[in-house]
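Please keep the sequence and the coordinates side by side while reading.

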Amino acid sequence: MVHRFLRLAALFIALSAGVSAFVPKTHAGEPGEMLMVDPQTVKFAPIPGAPACVTAAPVRGDPAKGPSVLLVKLTPGCRVPWHWHTANEQLMFVSGVGTLEMKNSKPLRLRAGAYALLPGRQIHQATCSSSCMFFNTADAIFDIHYVDESGKEIAADEALKKRTPPTTQKK
């Protein structure tokens, strides 16, 4: 009887330890609290170093200090030129239509339900033909490094400058 009790107690302890690994953590790191966000109430702001057509609202964490989740919006016609991030990213597309391109990969058509996992330093670019919204989860500080067509890192100002068509002179 005592042995049976000890075996049951050991099994209970083992199961309890396994279940505690699945307890969700919140923004503040408190175990067991739920975090819910209404996209209609979050405040969107420009992302430093990103095109003006991109805004984001922090949902969880601080992207300047470590892992974070951002709700990101791109206006119609927005293009984020070739770039990479130090962090690994997950993109979960909520709405809109666009394209995500990664160097040496087939483009992904962005629409509701699309998902992409981008390893750190993976060169990519995104465009939206209509208003787009997606969640961006980064596992480290969120930074952005722009590159030219050859993959060489360039300044944000150079990457983001508007490309104007050549002017024609009238005679």
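What percentage of the 171 residues in the protein do buried residues make up? The share is 32%, where buried means under 20% relative accessible area, exposed means over 50%, and partly exposed lies in between (1.4 Å probe, protein chains only). This is a predicted model, in which local features need pLDDT of at least 70 and side-chain atom pairs count only at pLDDT 80 or more, whereas totals for chains, interfaces and linings use all residues. Residues are numbered from 1 along each chain as its sequence is written, and side-chain values use heavy atoms, with hydrogens and water left out.

The protein has two helices and 12 strands, which are DSSP runs numbered from the N terminus (helices H or I, at least four residues; strands E, at least two). Along the sequence their pattern is α-β-β-β-β-β-β-β-β-β-β-β-β-α. Of the contacts with a separation of 6 or more, 64% are between residues 24 or more positions apart, a contact being heavy atoms within 4.5 Å. The accessible surface comes to about 11700 Å², and 61% of this belongs to carbon and sulfur atoms; such areas come from the Shrake-Rupley method with a 1.4 Å probe, and for residues only the protein chains shown count as cover.

Strands of a sheet pair through backbone hydrogen bonds, either parallel or antiparallel. Here, an open sheet of six strands has the order S7-S6-S9-S4-S11-S12 with antiparallel pairing, two strands being paired if DSSP finds at least two bridges between them. Strands S7 (108-110) and S12 (153-154) stand at the edges with a single partner strand each, so one side of each is left without a neighbour in the sheet.

Strand S6 (residues 98-102) is joined to S9 by five bridges, and the two run antiparallel; in S9, Thr127 is the bridge partner of Thr99, and His124 is that of Met102. To S7, which also runs antiparallel to it, S6 is joined by three bridges, with Leu100 opposite Leu108. S6 and S7 form a hairpin with five residues between them, and Asn104 in the turn has a positive phi of about 65 degrees.

Leaving aside neighbours within four places in sequence, Val147 is in contact with residues including Trp82, His83, Trp84 and Ile154. Its C-alpha atom is separated by 8.1 Å from that of Pro81, 66 residues apart along the chain.

The largest cavity has a volume of about 260 Å³, and of the 22 residues that line it, Val80, His83, His85, Phe134 and Asn136 are the closest to its centre. A cavity is a set of points, on a 1 Å grid over the protein atoms alone, where a 1.4 Å probe fits but cannot get out, and lining residues have an atom within 4 Å of a point. Strands S3 (68-74), S4 (79-84), S5 (89-95), S9 (124-128) and S10 (132-138) each supply at least two residues of this lining.

Notes. On a 1 Å grid over the protein atoms alone, a cavity is a set of points where a 1.4 Å probe fits but cannot get out, and a pocket is an open set with protein on both sides within 12 Å along at least five of seven lines; lining residues have an atom within 4 Å of a point. Grid points are joined across faces, edges and corners, and a volume is the space filled by probe spheres set on the points.
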